[in-house]
Amino acid sequence: MVRILQVIFAVVLLHGSARGSLQIEFDYTYDTANFFSAEHSDRRITLERAAELFESRILDDFAAINPAGGDTWTLSFPHPSTGEIVFLQDLSLPKSTIRIFVGARDLPGNVLGYSEFNYSWSAATSGFFNMFSARTSTTNFDSLGGSISFDTNTPFYFDEDPSTLEPFFGQNDFYSLAVHEIGHLLGISASVSAFHAATKSGEFVGAAASTFFGGPVPLAPDLTHVKQGTVSHGQESAMMLANQGVRRTFSELDFAILQDIGYEIKLPEPVFRLLVPVPQPDGKLVLSWTGGGGPFQIQSRASMLAPWMNLGTSTSDRNSIVDATAAHAFFRVVDLGRHP
Ligand SMILES: [Ca+2]
Ligand SMILES: [Ca+2]
Ligand SMILES: [Ca+2]
Ligand SMILES: [Zn+2]
């Protein structure tokens with residue numbers, strides 16, 4: 001046990017660009033097949049890009065994990081390069097840190113990636129007991145990490161800049177796969193009680209996801225993936241099973257699922273859309289729009305240079321009738337909620 005801990009502390013790799021408080025750290029200690037070795041920096045960078053997506057949207061502050069005396073825990077996971085179970089006792093984690101051990105092996109069949117974790121703990125102090133109980137309850141899951149194995153004989157496309165999409169015919173998108181596997185480690189899995197507690201009759205019924213989707217979210221039969229073909233507000237879920245040859249980033253529905261299992265999720269920046277009013281015979285103006293998640297706030301201004309002012313209160317409708325006056329020469333709608 002002591003020997004393993006020494007190895008861990010020697011090879012921890014931090015990455016630099018902190019966005020929120022969350023830090024997803026990748027640990028290459030178990031990359032014994034050298035999938036992420038120095039000459040493959042594009043692979044590590046693509047993995048970091050996937051982590052940054054979550055770091056930029058998850059606002060939770062997790063307490064540091066400092067085992068001592070009778071406050072003890074064990075993280076176990078399949079060795080990412082061999083599949084043999086690794087037990088790490090009393091790993092220390094800094095505040096707001098999730099540690100993911102990565103590597104690659106020949107995964108069976110058409111499996112592209114595999115993630116897993118198991119936590120066991122026992123507490124001597126009430127502080128440690130309360131902290132671990134809160135992090136793994138039926139209403140909240142704050143990941144501590146685990147391992148991800150990637151398949152060694154799948155042709156992957158490594159995109160160091162996922163903000164641009166290039167064609168990658170005949171390859172699988174490593175960024176999409178990394179996002180998917182990190183999504184599992186963050187708790188989108190039937191084995192996580194907060195996720196399982198929000199699953200009923202094969203559907204995910206968490207409030208944020210159901211509101212955004214417009215009803216319960218259908219799951220695949222394994223109750224760990226979103227059902228194949230699930231699209232919400234024009235975005236495919238990244239948490240569907242098959243991911244062949246396409247880019248699927250974490251969708252707003254996927255973020256809503258994380259919110260439902262207890263993460264604090266930063267909403268996307270507001271979207272402003274100019275509206276073209278349709279005059280009515282009675283002198284009123286009809287405003288209407290499509291898309292977005294809502295709620296919506298209509299704003300107006302008297303001239304190009306005037307400040308935008310709220311017009312009435314926010315609405316979940318996608319249309320509104322307003323008076324035609326000089327104070328309302330220009331109209332726009334702001335999506336205040338979740339929107340793709
Ligand atoms: Ca394989
Ligand atoms: Ca790109
Ligand atoms: Ca939380
Ligand atoms: Zn999966």
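## Helix H2

In H2, the buried residues are Arg43, Arg44, Thr46, Leu47, Ala50, Ala51, Leu53, Phe54 and Glu55; a residue is buried if 20 or more other C-beta atoms, placed from the backbone, lie within 10 Å of its own. Helices (H or I, at least four residues) and strands (E, at least two) are DSSP runs, numbered from the N terminus. Strand S1 (23-27), strand S4 (97-105) and helix H4 (174-185) are among the elements that cover the buried residues of H2.

Helix H2 covers residues 41-55, and its end C-alpha atoms are 20 Å apart. This agrees with the 21 Å that its 15 residues should span at 1.5 Å a residue, the expected span being 1.5 Å times one less than the number of residues.

## Model and numbering

This is a predicted model, in which local features need pLDDT of at least 70 and side-chain atom pairs count only at pLDDT 80 or more, while totals for chains, interfaces and linings use all residues. Residues are numbered from 1 along each chain as its sequence is written, and chains are lettered from A and ligands numbered from 1 in the order in which they are written.

## A three-stranded sheet

The order S10-S11-S12 describes an open sheet of 3 strands with antiparallel pairing. At its edges lie strand S10 (199-200) and strand S12 (217-218), each pairing on one side only. Two strands pair if DSSP finds at least two bridges between them; S10 and strand S11 (residues 203-204) have 2 bridges. Lysine 200 stands opposite glutamate 203 in S11.

## The whole chain

The protein chain has 7 helices and 21 strands. Of its 340 residues, 36% count as buried.

Key. A residue is buried if 20 or more other C-beta atoms lie within 10 Å of its own, exposed if 12 or fewer, and partly exposed in between; C-beta atoms are placed from the backbone. Two residues are in contact if their C-beta atoms, placed from the backbone, lie within 7 Å.
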